[in-house]
Amino acid sequence: MSKRTVKFKIYRYDPDKDAAPYMQDISVELDPADKKLLDAMVRLKAKDDSLSFRRSCREGVCGSDAININGKNGLACLTDVDDLKQPVVLRPLPGLPVIRDLIVDMTQFFKQYHSIKPYLINDDPPPERERLQSPEEREELNGLYECILCACCSTACPSFWWNPDKFVGPSGLLNAYRFIADTRDQAVNERLDNLEDPYRLFRCHTIMSCVDVCPKSLNPTRAIGKIKDLMVRRAV
Amino acid sequence: MNIAKRTFDAVIVGAGGAGLRAALQLSEAGLRTAVLSKVFPTRSHTVAAQGGVAASLGNSTEDHWHWHMYDTVKGSDWLGDQDAIEFMVRKANEVVIELEHYGMPFDRTDSGKIYQRPFGGHSMNYGKAPVMRSCAAADRTGHAMLHALYQRNVRANTQFFVEWMALDLLRDAGGNVLGVVALELETGEVSIFHARATVFATGGSGRIFYSSTNAFTNTGDGLGMAARAGIPLEDMEFWQFHPTGVAGAGVLITEGVRGEGGILRNHDGERFMERYAPNLKDLASRDVVSRSMVTEINEGRGCGPDKDHVMLDITHLSPDVIMKRLPGIREISIRFAGVDPIKAPIPVVPTAHYQMGGIPTNYKGQVVAPRDGNPSTPVPGFYAAGECACASVHGANRLGTNSLLDLLVFGKSAGESVVADFKAGNLALHPLPADAADRALARLARLESQRDGNAVSDVRLAMQRTMQKHAGVFRFKDLLKEGVTRILEVAESARTTYINDKSRVWNTARQEALELDNQIEVAKAAMISAEARKESRGAHVRDDAPDTPEHPNGRNDQDWLKHTLWFGADNHLEYKPVCLKPMSGDAEPIALAKRTY
């Protein structure tokens with residue numbers, strides 16, 4: 001790719017000086033080596049240092065730079081800038097309070113993550129060596145443990161938008177199932193009890209926006225379905 | 001001094017692997033602990049580690065900590081301290097098993113044990129053949145580890161201050177460390193964290209180079225803070241260039257790819273590592289492989305239209321192995337190199353990756369500095385672990401998988417030292433001098449009032465280009481000399497950086513300016529230490545110290561078997577001896593020898 005200019009429309013809001021949010025029109029010339037949206041955002045920032053966004057690993061594993069790109073949630077570092085329709089519209093993740101520009105307050109998201117007790121529960125005295133787990137048992141965790149907590153899924157979920165305080169959301173539920181599915185964990189019943197509520201689990205209406213946006217190609221809807229199955233099986 | 005103050009037993013700066021592991025010790029011991037991190041803990045760069053963590057569990061091949069110790073000392077080109085290395089390799093099984101008990105989703109062998117794969121420089125029977133020592137969760141080991149450690153801290157109710165950036169280390173006139181001044185990114189609030197113990201676990205600073213595998217946030221904050229507070233930095237000339245960064249993008253491709261059977265090939269398709277390392281071949285240690293690659297490229301055998309990279313080939317592996325053991329690599333390769341490694345080789349080039357040096361510590365995680373004739377006197381109240389620290393277990397070159405081991409072992413040991421010192425009543429809450437926060441506040445005030453000068457991004461780019469050109473894989477006498485002059489000029493220009501953004505709220509321009517101050521300290525330390533070391537050793541190889549019978553590989557043990565200490569105040573260097581004696585009688589010292597693979 002050669003040098004080219006890309007046009008952007010970016011949500012801007014600095015509570016320290018702006019009475020209200022606005023959309024900024026700005027364009028930037030990219031170097032041939034700039035491939036990802038994040039490369040372009042770093043160039044934009046060199047031009048206007050007040051543009052604020054989170055970023056860290058730039059390779060899709062830390063989960064910092066989730067934003068709304070042309071109407072769809074994704075990671076800026078994994079998005080090819082040349083594939084995007086211009087002007088590229090950048091907004092903060094929907095459904096969470098905006099702190100500044102593209103930076104949202106993720107308190108509610110992490111509160112839900114923490115609410116599922118995201119840690120292994122096993123009260124047996126730890127053995128001298130590793131707890132054994134067969135390759136097949138371990139395989140059950142694939143598609144679950146890879147979650148990077150970027151919040152693309154939960155903030156694409158209408159149920160989470162309406163009830164962020166009550167509905168755990170796709171990311172939290174995916175993580176809940178990660179521990180339920182772990183043969184080393186002893187708290188399956190406790191974990192199911194914790195989700196037995198009209199909102200926490202059952203607000204998922206399988207709209208599947210989460211699956212559509214997950215930058216790691218994970219499937220929270222399937223994990224949620226498996227939790228629902230366990231609930232039903234437990235009830236009969 | 002109108003500034004908020006919070007008081008804790010201990011403050012930990014950084015919530016990557018080392019910080020989280022230390023935090024567990026403190027939380028579980030009931031110390032009032034604040035963990036500060038400028039990113040949410042699971043965003044820390046430990047998350048990007050791929051290939052595994054070393055431990056001589058012997059799950060798939062026979063293994064022994066003596067062999068691991070030998071490999072590590074040899075890998076370090078004998079600059080690693082053998083007491084700390086013995087400590088680390090002997091603790092390896094314990095800390096890895098603990099992690100498994102915390103819930104880390106390691107891959108498994110058919111018998112249900114932790115899966116282990118071969119890795120560069122790790123061998124059985126003192127260099128005879130590759131050994132399976134790297135405990136792995138596919139090629140996402142760092143991610144799995146960081147999340148498991150964070151999760152365990154959630155269980156332990158650790159108190160985090162998320163998205164707070166530490167600005168400066170507090171010390172009193174007697175040299176006692178009193179905590180840090182920190183800035184809350186969201187509000188711009190500045191606060192003193194006054195503590196009996198301060199633990200730095202701030203990670204590396206590979207972003208001083210233009211091309212780096214590191215995250216944007218790896219800006220050497222702990223090193224900058226330590227240097228400004230009069231603590232020397234150790235062995236900063238030693239930088240690891242990882243052989244396999246994606247050409248052009250810099251994104252890491254794990255050595256685990258070669259552990260699973262991947263092969264490096266030049267323009268002719270030749271497996272060139274056979275010529276450079278007849279025994280371990282593609283699994284020779286990283287400095288050796290990186291230099292071999294650059295030699296191939298320099299001699300015109302590189303690949304691509306510009307012959308500026310080589311190829312990492314796994315097309316001969318079965319797609320099942322790739323999908324199962326290297327799924328993340330396939331994803332990275334498709335996304336950043338545009339090739340599916342099942343079908344075509346990945347273009348790779350050596351890329352700045354890891355800082356072997358750092359804040360000097362002993363194996364207990366206590367920060368040490370020269371005082372009253374002892375080069376390694378503990379600094380009261382100050383501890384460090386992980387990539388920001390130099391214990392020194394990696395010496396002049398780190399082995400792959402020893403970094404995750406380092407952060408577990410020394411994160412834990414720093415935590416244990418704090419707890420022990422606290423319980424023994426050795427950690428006083430020294431009073432804060434009236435001017436404690438002045439340095440940090442002055443830096444903030446300068447940025448606030450500076451109306452013109454140098455753009456942060458321009459100075460940063462000048463620093464990165466200078467480091468890349470003058471202190472790369474191969475080093476040259478003249479370039480190093482010029483590099484010192486140049487980096488001091490860049491440092492001068494960093495004194496008048498300015499930012500347009502003056503907002504209090506989440507001011508990332510200000511954050512980047514403050515980070516640049518830290519990067520500049522690291523860059524100066526690296527260039528000045530490198531220029532001064534007139535030998536070749538490990539990752540530091542220079543043209544005027546070639547391989548001769550008198551100095552094999554250009555290494556000069558008579559004059560240079562010593563650690564560098566760089567002092568930030570006046571850029572002067574001191575040296576201290578390398579510990580060549582293991583800590584116990586269970587191990588023989590690993591005798592000096594020429595390094596070949």
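This is a predicted model: local features need pLDDT of at least 70, side-chain atom pairs count only at pLDDT 80 or more; totals for chains, interfaces and linings use all residues.
View 1. Strand 4 of chain B is joined to strand 5 (residues 129–135) of chain B by five bridges, with the two strands running antiparallel. Within this part of the sheet, Pro118(B) stands opposite Met132(B), a residue of strand 5 of chain B. Strands of a sheet pair through backbone hydrogen bonds, either parallel or antiparallel.

**View 2. Strand 2 of chain B and its parallel neighbour, strand 1.** Strand 1 (residues 4–13) and strand 2 of chain B pair in the parallel sense, over four bridges, and Ile12(B) stands opposite Val35(B) of strand 2 of chain B. Strand 2 (residues 33–37) of chain B is mostly covered, with five of its five residues buried. From strand 2 of chain B, the residues Thr33(B), Val35(B) and Ser37(B) point one way, while Ala34(B) and Leu36(B) point the other way, and all are buried. In a regular strand the side chains alternate between the two faces of the sheet.

**View 3. Chain B as a whole.** Chain B has 16 helices and 22 strands, and its C-alpha atoms fill a box of roughly 65 × 50 × 50 Å along the principal axes. For 597 residues a compact globule would have a radius of gyration near 25 Å, and the 23 Å of chain B agrees with this. Buried residues make up 64% of the 597 residues of chain B. Of the contacts in chain B with a separation of 6 or more, 75% are between residues 24 or more positions apart.

**View 4. The contact between chain B and chain A.** Chain B contributes 43 residues to this contact and chain A contributes 41 residues. On the side of chain B that touches chain A, helix 3 (82–102), helix 4 (141–155), helix 10 (327–337) and helix 15 (508–532) of chain B each supply at least two residues. Helix 4 of chain B gives the most to this side, with six residues. Sorted by class, the side of chain B that touches chain A holds 17 nonpolar, 13 polar and 13 charged residues.

**View 5. The two assigned domains of chain A.** The domain assignment of chain A gives domain 1 (4–104) and domain 2 (107–235), and the C-alpha centres of these two domains of chain A lie 29 Å apart. In chain A, 14 residues of domain 1 are in contact with 14 residues of domain 2. Strand 4 (residues 72–75) of chain A gives the most to the domain 1 side of this contact, with four residues. By class, that side of domain 1 of chain A has eight nonpolar, five polar and one charged residues.

**View 6. The buried face of helix 2 of chain A.** In helix 2 (residues 107–115) of chain A, the buried residues are Phe109(A), Gln112(A) and Tyr113(A). Seen down the axis of helix 2 of chain A, these buried residues fall within an arc of 105°, so they line one face of the helix. They pack against helix 5 (169–180) of chain A. Just after helix 2 of chain A, Lys117(A) takes a positive phi of about 55°.

Notes
Residues are numbered from 1 along each chain as its sequence is written. Chains are lettered from A and ligands numbered from 1 in the order in which they are written. The radius of gyration is taken over C-alpha atoms; the globule rule is 2.2 Å times the number of residues to the power 0.38. A residue is buried if 20 or more other C-beta atoms lie within 10 Å of its own, exposed if 12 or fewer, and partly exposed in between; C-beta atoms are placed from the backbone. Two residues are in contact if their C-beta atoms, placed from the backbone, lie within 7 Å. The arc is that of the directions from the helix axis to the C-beta atoms. Ala, Val, Leu, Ile, Met, Phe, Trp, Tyr, Cys and Pro count as nonpolar, Asp, Glu, Lys and Arg as charged, and the others, Gly among them, as polar. Domain bounds come from an automatic or database domain assignment. Two strands pair if DSSP finds at least two bridges between them.
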